[in-house]
Amino acid sequence: MKLGAYTACLHDKPIAEALKIIRDLGLDSAEINSGGFLPAPHLPAAEVRASKDARDEYLDLFTSTGVTLTALNCNGNPLHPDSDVGQKHAQDLRDAISLAALLGVKRVVTMSGLPAAHAGGRAPSWTVLPWDSVYLDAGDYQWQEVAIPFWKDINARARDMDVKVCIEMHPHNVVYNPATMERLASEINATHVGAEMDPSHLFWQGIDPIAALERLGDLVYNAAAKDTRINPAARVNGVLDDRFGRVSPGDRGAVSLGGRYTLSRWPKDSSWDFVAVGRGHDVAFWGKFLQALNRIDPNMAVNIEHEDQELDQMEGLRHAADTLLLAASALKPASPV
């Protein structure tokens with residue numbers, strides 16, 4: 001099993017330095033951003049696409065450091081009804097698949113996307129808990145008219161290039177839990193589209209990631225190591241907490257999510273927070289998590305995604321790496337089938 005890090009949290013450092021940091025933490029895998037919500041400072045895509053020499057030189061950075069490039073990450077909203085976002089993110093995903101094939105990388109991580117609730121809508125609409133049939137109508141449009149045709153095409157492209165596309169089950173997407181992941185896989189007859197297991201987004205929905213892994217089985221192609229802490233405020237407001245603040249594109253520190261949209265400001269007294277691995281769930285949980293992944297695929301890549309706002313980039317990565325390595329030290333070999 002490869003344990004590593006998604007390098008987005010090291011965006012301010014050159015790729016060679018980022019890889020050295022990963023290696024010095026005792027890790028041996030890297031996931032590199034290739035587009036979508038975030039820029040791609042660690043992937044010179046044009047040069048790599050244009051020349052085999054450039055590809056070899058890029059891959060040598062990993063080989064010489066002892067770190068394997070296990071995945072490209074292209075998280076975004078390829079179904080966004082605003083063409084400034086949706087068309088770009090969809091093309092970024094297509095490009096990531098072809099670029100991964102050129103590099104010999106077998107995994108591309110992304111999100112399923114979220115369209116509007118009806119044709120002509122201008123904003124994405126997360127249609128869940130359809131107790132009123134109007135939401136069933138919206139869901140039918142989102143799935144049948146938008147998501148399924150798009151993902152059938154992505155599955156075909158990925159199959160042709162022998163790349164597995166790994167969907168992060170993320171709220172505010174049509175795929176956000178095991179049931180919706182299974183639905184998409186079934187609807188498109190998936191051969192090369194499956195799940196990325198990121199437990200952080202499951203924790204705050206009340207989903208047990210171990211049970212989710214047991215349900216999804218070999219539909220899981222890749223994994224993220226990211227933790228969530230449920231805070232006391234959840235006892236009052238629950239986990240569906242809408243007290244986020246607006247951040248204008250021109251504000252200091254604004255993070256663009258494409259087009260005119262930005263990352264919102266997190267509530268001060270939040271119901272839950274993303275935290276470094278080990279700060280929400282202990283080593284025992286992470287040991288069980290790795291063991292469950294190991295039963296599915298002993299060669300699974302598990303990359304740390306650091307989004308703990310209480311720790312800086314190195315504190316968070318170090319804490320996560322130490323927890324993950326300790327959990328892995330007790331990992332038992334998968335039983336032969």
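## Basis of the description

Two strands are said to pair if DSSP finds at least two bridges between them. Helices (H or I, at least four residues) and strands (E, at least two) are DSSP runs, numbered from the N terminus.

The model is predicted: local features need pLDDT of at least 70 and side-chain atom pairs count only at pLDDT 80 or more, while totals for chains, interfaces and linings use all residues. Residues are numbered from 1 along each chain as its sequence is written, and side-chain values use heavy atoms, with hydrogens and water left out.

## Strand β10 and its partners

Strand β7 (residues 220-225) pairs with β10 in the parallel sense over 3 bridges, and A223 has V302 of β10 as its bridge partner. Strand β1 and β10 are also parallel, with 4 bridges; here L3 stands opposite V302.

Strand β10 (residues 301-304) is covered on both faces: A301 and N303 are buried on one side, V302 and I304 on the other. Buried means under 20% relative accessible area, exposed over 50%, and partly exposed in between (1.4 Å probe, protein chains only).

## Helix α1

In helix α1 (residues 15-24), the residues I15, A18, L19, I21 and I22 are buried. They lie on the same side of α1 because they cover an arc of only 155 degrees around the axis, the arc being that of the directions from the helix axis to the C-beta atoms.

These buried residues pack against β1 (2-6), β2 (29-33), α3 (52-65) and α11 (313-329), where contact means heavy atoms within 4.5 Å. Just after α1, G26 adopts a positive phi of about 90 degrees.

## The cavity

The structure holds 1 cavity of 30 Å³ or more, and the largest cavity contains about 40 Å³ of space. On a 1 Å grid over the protein atoms alone, a cavity is a set of points where a 1.4 Å probe fits but cannot get out; lining residues have an atom within 4 Å of a point.

Residues Y6, E31, N73, N75, V109, E168, E196, A224, N303 and E305 line the largest cavity. By class, this lining has 3 nonpolar, 3 polar and 4 charged residues.

## Tryptophan W151

W151 belongs to helix α5 (residues 133-161) and counts as buried because its relative accessibility is 0%. Leaving aside residues up to four places away in sequence, W151 touches L93, T110, M111, S112, V165, I167, L184, I188 and V193.

Conventions:
1 Å grid on protein atoms, 1.4 Å probe; cavity = no way out; pocket = protein on both sides within 12 Å on 5 of 7 lines; lining within 4 Å. Points joined across faces, edges and corners; volume = space filled by probe spheres on them. Nonpolar A, V, L, I, M, F, W, Y, C, P; charged D, E, K, R; others polar.
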